[in-house]
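Here is a short report on one protein chain. It goes from the overall layout down to single residues.

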Amino acid sequence: MSNIIIESDKDNAVVLSPELAHSADGVEGYDAELEYTVDEENRVRRLVDTRLMPWILFSTFILNMDRTNLSNAISGGLPKNLGFTITVVNNAGSMYAVLFSIAAFAGSIIGKRFGPHRVIPGMVLAWGIVTLSHGFIQNASQYYLIRALIALTEGGVIPATLVYLGSFYKRNELATRLSWFWGVQSIASAVSGLMASGLLQLEGVNGLNGWRWLFIVDGIITIISAFAFWQALPRSSYHTKEGFLNFGGWLDERQSRIAVTRVVRDDLLKLQYETHTLVDYRVWGHLIITLIGLTYGTPFGTYLPTIINSYGFNVYVANALTAPNAIFGFLTMTTLAWHSDKYHERGFHGVFTQVWLLIGFLLLEFLPDGTSKGVMYFVTFFISGAPSVHPLNIAWMSENTAPIGKRTVASGLIIGFANIYGTYASQIYQASDAPFFHTGNFIILGFVSTALLLWLNQKFLYLRLNKQRAAVWNAKSEEEKADYNATTTHKGSDRLDFVFKA
């Protein structure tokens, strides 16, 4: 039986059996007989990068601008104006984490069911309305209600987006794009800080506090953006003509077929739907890394403008100074992800970030309280610059989790875990520990140290599994391998011939 050879570059030829090549015939735009060059594929990927990714990045920019404005509002007097302390803020943060996580778990499933191209704009519109509503809160009860609604409306968009991106990009392209995705969130934090430094100065205009103007302006921007997303996000790479903001389509017929075919051929397991996820201990390793490793970000991020303000900077300058912190974090995150993709290594890249954070929080904890404000600000700059490994961890989990049904559930779980830790993380910095939060920083050092060990453990787990499976697989004869392929009930990453990336 002959094979089908894909791509004309003999040094990078991909060989598929006819049975495998035709297994995706039901996918719209997929062509089992299609041959294309490396240059053609690269051209298609560049078009996806330049025409789709800007909208995806803008959507997450809006999301994080609306998520980080709370820290700006807190420094601008929100608790004091509404008659409560940061204890209410912390409790609401814990509630937010639970509801956001529930919504996140549902988000990937809803996105898969109704289409991310429609679910994403709908969610953006919903949280835009709720963001705007923040500007009219009058008491603690209303604050709790609005924070509950914002959690439910924001929670599903990231997992829905992860499902969406998986239909446009191959596995070895995803970590870099996810670094852009989370990197833009850092840029959004920077812009939010700069906006806040100006909008907070509208204190008293039309009888409104400056932080109210912050939420109102952010809400209006978000609502307008939702309608743009509705007309810009295509159903798939085979339907780029949909939506007037796509201006007649950005892939021609052949390019559309290449776009679909290359992604399906990269991972034919995307066509299988199996949801055996909750009992996969390998997935749980990534979930625990998320739970422990991201903990520091909630207390540090929520009170960063307040912390900088406590060093002697006025509130407007303190909010503006969060911008360079965020930009530095964006640069280091994208660089780390690019380096990880280039050298096909994940685990030690995660360890690198944990060491960075360990040094930063040791400085924050043990530098004397009388240290100059310039030095103390630099320490916050250093901590904020630690490259976020959340996108790296997601990409690592995704490429080691198959088929797509399992990966879809895992994506929802990891986004849920990336927020559920807020239930306890919101309580790490307490009013009694302000303004330097020494007790809280000591607790964070424990989480960072544990995360370092977890990254190492996951790295060596995959190396050990690859070695064990290779020994079993290579010991089989060709007939035994053929019999395994014909009779095995193993699917995706449970197969003996599946190789984990470490």
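## Model and conventions

This is a predicted model: local features need pLDDT of at least 70, side-chain atom pairs count only at pLDDT 80 or more, and totals for chains, interfaces and linings use all residues. Residues are numbered from 1 along each chain as its sequence is written, and side-chain values use heavy atoms, with hydrogens and water left out.

## Domains

The domain assignment gives domain 1 (36-269) and domain 2 (274-501). Such bounds come from an automatic or database domain assignment. The two centres, taken over C-alpha atoms, are 21 Å apart. Across the boundary, 47 residues of domain 1 are in contact with 47 residues of domain 2. Contact means heavy atoms within 4.5 Å.

## Helix H19

Helix H19 spans residues 390-399 and is mostly covered, with 10 of its 10 residues buried. Among them are His390, Asn393, Trp396 and Glu399. Buried means under 20% relative accessible area, exposed over 50%, and partly exposed in between (1.4 Å probe, protein chains only). Helices (H or I, at least four residues) and strands (E, at least two) are DSSP runs, numbered from the N terminus.

## Threonine 240

Threonine 240 sits in the loop between helix H10 (210-230) and helix H11 (253-266). Threonine 240 counts as buried because its relative accessibility is 2%. Leaving aside neighbours within four places in sequence, its contacts are Pro234, Asn246, Gly249, Trp250 and Leu251.

Tryptophan 250 is 10 residues away along the chain, yet the C-alpha atoms are separated by 6.0 Å. A polar atom of the threonine 240 side chain lies 3.3 Å from the backbone nitrogen of tryptophan 250. That side chain also reaches the backbone nitrogen of leucine 251, at 3.3 Å.

## Leucine 214

Leucine 214 belongs to helix H10. Its relative accessible area is 0%, so leucine 214 is buried. Beyond neighbours within four places in sequence, leucine 214 is in contact with Asn69, Asn72, Ala73, Ala196 and Leu199. Leucine 200 is 14 residues apart from leucine 214 in sequence, and 6.9 Å apart C-alpha to C-alpha.

## A nonpolar patch

Leu145, Leu149 and Leu152 form a nonpolar surface patch with about 270 Å² of accessible area together. Areas come from the Shrake-Rupley method with a 1.4 Å probe; for residues, only the protein chains shown count as cover. A salt bridge is a side-chain nitrogen of Lys or Arg within 4 Å of a carboxyl oxygen of Asp or Glu.

Leucine 149 lies in helix H7 (residues 140-154). Leucine 149 counts as partly exposed because its relative accessibility is 37%.

Conventions: Patch = residues over 30% accessible without salt bridge, like charges linked within 9 Å, V, L, I, M, F, W, Y side chains within 5 Å. Polar contact = N/O pair within 3.5 Å; in protein donor to acceptor, adjacent residues only side chain to side chain.
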